[in-house]
Amino acid sequence: MSNPGIAQMVPYGFEKADQEGATAVGLDKRPVGSLAMHADGSLFAWIEAFEALAVGKLTMQKDNVTGHTSNMAVQAAAAVGATTISLTNASTAITKNQYADGELWINDVDGEGQVWKVLSHPAVGTTATGVFTLHPTDSVRVALTVSSQAGLRVNPYKDVELWDADDVDGPALGVMPKALAIDEQGWMRITGTGAVLADGTLVKGNVVVPSNAVDGAVEAAGATTYVLQNLGVVKMGTTDTEYSLVQFNIPLA
């Protein structure tokens, strides 16, 4: 799970207010993955849009970065209690804080199975070494050696994409209650009642999954043998290309 803490309780309509933007301040400046909740239990995640995201459209996680998914070399041993880990980059350059609030984990050899939340890191060129600083409340619990192998994962709520039926980069994340432009920030629905574009006729009680043919849409489970990620249950159905009312229950990424 990539949220930084307990959900903030917010009033109805808060998720549709004009809060987005890189220059947001005060309560409107928060880490991606932060959570908000309505009194009825509906859950929202604060995201950054990689592309334009329209109201009522399904979203997905951006693809993993080539060369960072596993088997990155740990450049220097890290003792128990260490709060920094040095990694040697592979074939794709890393921009400053690209993995902030994402995860670093050890996928093989000494210390394998450990995972940490990344606080910050510098830009790291290809084949170069970078020091990744962990959140201050966390640390290495099993020592790492230069034989250890690591992977990095971007916070899934950063660079969120429209669900692309022809090019699935990752799991479905949520549904938009408000349109966002490229690089804007705002809320995305995870659970609770929301409207979403329908691919095909949906009827009450249908379990819905991501569409295999229409970008940003859902379809009834069993309509195809495509991506069977259970997103929720239809409360009020509609015909093809209209927007159905769905009780969403999408797991946190």
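Start by selecting Glu 15: this residue is buried, with a relative accessible area of 5%. Buried here means under 20% relative accessible area, exposed means over 50%, and partly exposed is in between (1.4 Å probe, protein chains only). Before you move on, note that this is a predicted model, where local features need pLDDT of at least 70 and side-chain atom pairs count only at pLDDT 80 or more, while totals for chains, interfaces and linings use all residues. Residues are numbered from 1 along each chain as its sequence is written, and side-chain values use heavy atoms, leaving out hydrogens and water.

Glu 15 and Lys 16 form a salt bridge, with 3.0 Å between the closest N and O atoms; the term covers a side-chain nitrogen of Lys or Arg within 4 Å of a carboxyl oxygen of Asp or Glu. Lys 16 is partly exposed, at 45% relative accessible area. How many salt bridges does the structure hold? There are four.

Next stop: Glu 103, which is buried at 11% relative accessible area. Show Lys 117 too, and you'll find a salt bridge between Glu 103 and Lys 117, the closest N and O atoms being 2.9 Å apart. That pair links distant parts of the chain, with Glu 103 in strand E7 (residues 103-108) and Lys 117 in strand E8 (residues 115-120), 14 residues apart. Strands are DSSP runs (E, at least two residues), numbered from the N terminus. Bring in Arg 153, whose side chain meets Glu 103 in a salt bridge (3.0 Å, N to O). Here the link runs from Arg 153 in strand E10 (residues 149-153) to Glu 103 in strand E7, 50 residues apart. Together, Glu 103, Lys 117 and Arg 153 make a network of salt bridges.

Select Trp 187, which is buried, with a relative accessible area of 2%. Now display Trp 46: its ring centre and that of Trp 187 are 5.1 Å apart and the planes sit at 70°, so this pair is edge-to-face. Trp 46 is in strand E3 (residues 43-48) and Trp 187 in strand E13, so the pair ties together parts 141 residues apart in sequence. Rings of Phe, Tyr and Trp (its six-membered ring) pair if their centres lie within 6.5 Å; planes under 30 degrees apart are stacked, over 60 edge-to-face, the rest tilted.

Notes
Helix = DSSP H or I, 4+ residues; strand = E, 2+ residues; numbered from the N terminus.
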